[in-house]
2 protein chains.
Amino acid sequence: MIRIKDIAEKAGVSPTTVSNVIHGNRKKVSKNTMKKIEKILTEMDYVPSMGAMMLAGGSSRIIGVLAWEPDRKKYHSEGPAFSNIVIRSLESEIYNRNYYMLLHFVSSPEEGIQFAAIWNVEGLITLGFGAKDNVKLQSKCKVPVVSIDAYYKEQQVANVGLDDRGGGYLMAEYLIQCGHEKIGFVSDNDVGVDHERWKGVCSACKEYNVPEEGVKHIIIPGETHMRRKFYEKYLDVISRKYDALFFASDYYAVEAIAEMADRGIQVPEEVSVAGFDDNKGAELCRPRLTTIHQEAEAKACRAVGKLFDFIRGVRKISMTERLPVTLVIRDSVLVRES
Amino acid sequence: MIRIKDIAEKAGVSPTTVSNVIHGNRKKVSKNTMKKIEKILTEMDYVPSMGAMMLAGGSSRIIGVLAWEPDRKKYHSEGPAFSNIVIRSLESEIYNRNYYMLLHFVSSPEEGIQFAAIWNVEGLITLGFGAKDNVKLQSKCKVPVVSIDAYYKEQQVANVGLDDRGGGYLMAEYLIQCGHEKIGFVSDNDVGVDHERWKGVCSACKEYNVPEEGVKHIIIPGETHMRRKFYEKYLDVISRKYDALFFASDYYAVEAIAEMADRGIQVPEEVSVAGFDDNKGAELCRPRLTTIHQEAEAKACRAVGKLFDFIRGVRKISMTERLPVTLVIRDSVLVRES
DNA sequence: TTTAATGTATTTATCGATAAAATGATAGCA
DNA sequence: TGCTATCATTTTATCGATAAATACATTAAA
């Protein structure tokens, strides 16, 4: 391993000078030595020791990405909660800033706090955390935290997410305009993102004077086997009862379309299906899924941007950012009237 | 931040003793002091400084996971090459051993080498690397490397993968037994994993005396837009020309099924479709995809296991490990005769 | 009793890089 | 000439943890 000391000796200068060159402290080094050292630096292809940098400089160049993991032992049974597009974009954005991503799955904020301390991370990004857990994390960490897709009563933690309410509104509006009179909004909970999407649905229904009984929030259990049971029992029932089923996530929508195909329920003739997120699966299922499109890369990108605003001490950083979403009309919603 | 020194002072011992307690060097510390220090350690909830450990101890407790990234700027256009099940399992297995995962996307082995040096990683796992790049990486790194899903002429780098050839054989055999006489194997290249799968197909065809013209390797371009063009031009043709299309990956198979649905090509009545991997999508498409199932978690698990065998200096480590795969019969292959 | 072996704990030097303080040289100005 | 200001560079101390060397009892063996 080549150390700063080796470079310094070769150049006939002190280690500090080399260090200054590496960090581009132009004001402290003359142009001549600058060039000379830079040349030697590349010649001997020097790589810094992060351990030493962390210790001496106090900066780790590490961003911790914490992904919520309800149960470390059962992760294989349920599909991973994180999107790999997001992970990839996060790493990319972090690395572009000359930092590194330490990805860690946790099932409590405390684990995250310890993790941050051990590695002396300079910032944290959370995925799939609930509001309370984000708040707890932030309160016990000195470093900035940016959550993705979280909702807070008071905006205690910085966040980047989508205009979920707007998306819910957009889809509900479209469904109404297509002539659907009985709309079911399907999700596995009523908090955070899903709650907002539902709120959006509600406000569209109000706007367009859909009667109270014309729209309902159907909550199905989230675990795979429970969901299957639910489908077996209720899928026929609800697809007869509603004109359109708006699923809070494409993942469920695609699954439901498949289940309906098995039961001979025609989509969209018998019941229309809509989703949210515009997953890879949305374009691959038949009928193609009408859904709300989100820019997952942009979300990751902004999250990292915001985090570094905090790290660099930029003033007046907006605590929350909601990226716009768009309606993508495909084939899973029947147009009854135009 | 609480340092070892603080603990030592509180306990009235030297830092070294505390360090020994932390590392469970039982032979060097008496039971009494052991207990006393352990108590203080938890009371003051001490967390070690990784920077210092890396520097002083020379062990970073970091495993680098390198995911191949052909083009850093275009990653959003193509679906990520890595499976999030694998990522999750890797992290889990690594963390279980009290190590941490640093995930990094690279588009050359050199980047990986530099990355390993900077962080002083204790081992590397590669995803999506070609054989040559793995070899180059290994040759320039002092730490052990375990590749996932790679194939070598001579086994230069440790590897964990699947019995791809066996899987190819299994599926081809099944197709033949179902009475299919014209089989097309579809992939976007003929190296590594796909080559092996194709070899498996060939040997099954030989075994069952399928004539030369009864089986063919069709290579379609891998990039999304090129693939679409290919489908537009040739999908009708090849689905008329073959009884069964065996795609080297579920991802393509699912896509093809969707495209066929658009063109009114009946699966499996007009043409049978088979895949490989047993992705999430395989169960979600209709007809359900008949495919070769792999244990992605097990693969990740074994890769980490093997890497730590190297790290711990275990003797006689097998250079390569191929996990068995199984045939999953669903609905996308027509049974012509039994 | 002497010597060796063992167990327990401490000292000291070190890992590689950096920030802060100190040095020295040069230039500017009265 | 003498004083300050500026620039370029070096010295020194330090970050937190650890390995190697050392010290000092105590016990066991000769």
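**Exercise 1.** Work out which helices line the surface near DNA strand C in this predicted model.

*Solution.* Start with the elements: α1 (4-11), α2 (15-22) and α4 of chain A, with α2 (15-22) and α4 of chain B, each supply at least two residues of that surface. Helices here are DSSP runs (H or I, at least four residues), and strands are runs of E with at least two, numbered from the N terminus. Next, find the largest share: α4(A) gives 5 residues. Then count: 25 residues surround DNA strand C, and Arg3(A), Ile4(A), Ser19(A), Ala52(A) and Ala56(A) are the closest. A residue is near a strand if its C-beta atom, placed from the backbone, lies within 6 Å of it.

A note on conventions: residues count from 1 along each chain as its sequence is written, and chains are lettered from A and ligands numbered from 1 in the order written. Local features need pLDDT of at least 70 and side-chain atom pairs 80 or more, while totals for chains, interfaces and linings use all residues.

**Exercise 2.** Describe how α4(A) packs against α4(B).

*Solution.* First take the geometry: the two helices, residues 50-57 in each chain, pack at about 130°, with axes 7 Å apart. Axes are lines fitted to C-alpha atoms, for helices over the stretch in contact, and angles run from 0 to 180 degrees between N-to-C directions. That makes α4(A) oblique to α4(B), since angles under 35 degrees are roughly parallel, over 145 roughly antiparallel, 65 to 115 roughly perpendicular and the rest oblique.

**Exercise 3.** Find which element of chain B gives the most to the side that touches chain A.

*Solution.* Begin with the totals: the contact (C-beta atoms, placed from the backbone, within 7 Å) takes 41 residues from chain B and 41 residues from chain A. On the chain B side, β2(B) gives the most, with 6 residues.

Note on methods: Two residues are in contact if their C-beta atoms, placed from the backbone, lie within 7 Å.
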